[in-house]
Amino acid sequence: MMAPAAPDVRRFADLDALSRAAAEELAAIAHAAVAARGVCHVALSGGSTPRRLFQLVVQRGAAALPWPQLALWWGDERTVPPDHADSNYRMAREALIDPAAGFGLAAAQVHRIAGEHADPAVAAADYERAVVAALGTPPRFDLVLLGMGPDGHTASLFPGSPALTETARWVVANPVVSPLVHGATTRITLTAPAINAARHVRFLVAGADKAAALAAVLGGPRDPARYPAQLIAPAPGDAAWLVDDAAAAALGGRS
Ligand code: 6PG
């Protein structure tokens, strides 16, 4: 039996260098997708790591991306209104969408998850319908950007949460219990099958607080219930990890 291929891990000195490389990747993937299919469907990650990437993408200006042919989605969302401080959409609107006004990204190209919906299961079903309507089944995003928490979660696939074993749905409302969400909450998230259907998955991981989990995810025994990022293995698509030296500190060797 063939050994699993070694993960594609790309190390950078810091978050800024990592984000510059991610901006290049995004541009290359977007231009290739548009040349092949006339559109590029990107699922943005949440949390704080992608903010620098978003700022750099805007700084590179209108010519850097095929803005009129982009479709922006989210890999996950918190169950909060779009103007809430915890909203992944709000961070992207402030760092990417609003500053890119005039680049040719129309409101209809932005597909946010309705975190404000009274019933997260309905919001998840609505988002799933929109994803399938645009991308078919399986929904094949051109790029899914992901972060990783210090517990090895990615998107809103948290350790021990029900969504980890979901094999049929593409989007679910996932009840989460974790100190990282200050107790218990419900998140709306792409499932592992949806992420693994993508053409390209890129993890952006920075900071010393991620080092132990990154080493466990990439080099430890397979235990996706504990380290959900291990669920991500796109096929026939590809995955790569863009990590800074601080996050890679426990990986050993220079990858
Ligand atoms: C979220 C994200 C989540 C995030 C990681 C890393 O909604 O929080 O989708 O998966 O990517 O928690 O977050 P940071 O980038 O803030 O470290």
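User: How do the residues of the shell around the ligand divide into nonpolar, polar and charged?

Analyst: The shell holds 2 nonpolar, 9 polar and 4 charged residues. Here Ala, Val, Leu, Ile, Met, Phe, Trp, Tyr, Cys and Pro count as nonpolar, Asp, Glu, Lys and Arg as charged, and the others, Gly among them, as polar. The model is predicted: local features need pLDDT of at least 70 and side-chain atom pairs count only at pLDDT 80 or more, while totals for chains, interfaces and linings use all residues. Residues are numbered from 1 along each chain as its sequence is written, and side-chain values use heavy atoms, with hydrogens and water left out.

User: Which residues that surround the ligand are the closest?

Analyst: Thr 49, Asp 76, Arg 78, Ala 155 and Lys 210 are the closest of the 15 residues that surround the ligand. A residue is near a molecule if one of its heavy atoms lies within 4 Å of it.

User: What joins the side chains of Glu 25 and Arg 202?

Analyst: A polar contact of 2.3 Å joins these side chains of Glu 25 and Arg 202. Glu 25 lies in helix 1 (residues 15-37), a helix being a DSSP run (H or I) of at least four residues, numbered from the N terminus. Neighbours within four places in sequence aside, Glu 25 is in contact with Arg 10 and Arg 202, where contact means heavy atoms within 4.5 Å.

User: Which value of omega goes with the cis peptide bond between Thr 137 and Pro 138?

Analyst: Omega is about -10° for the cis bond joining Thr 137 and Pro 138. The bond from Ala 235 to Pro 236 is also cis, with omega near 5°.

User: What is the phi of Ala 155?

Analyst: Ala 155 has a positive phi of about 50° although it is not a glycine.

Conventions:
Helices (H or I, at least four residues) and strands (E, at least two) are DSSP runs, numbered from the N terminus. A polar contact is a pair of N or O atoms within 3.5 Å; within protein, one must be able to donate a hydrogen and the other to accept it, and residues adjacent in sequence count only if both atoms are side-chain atoms.
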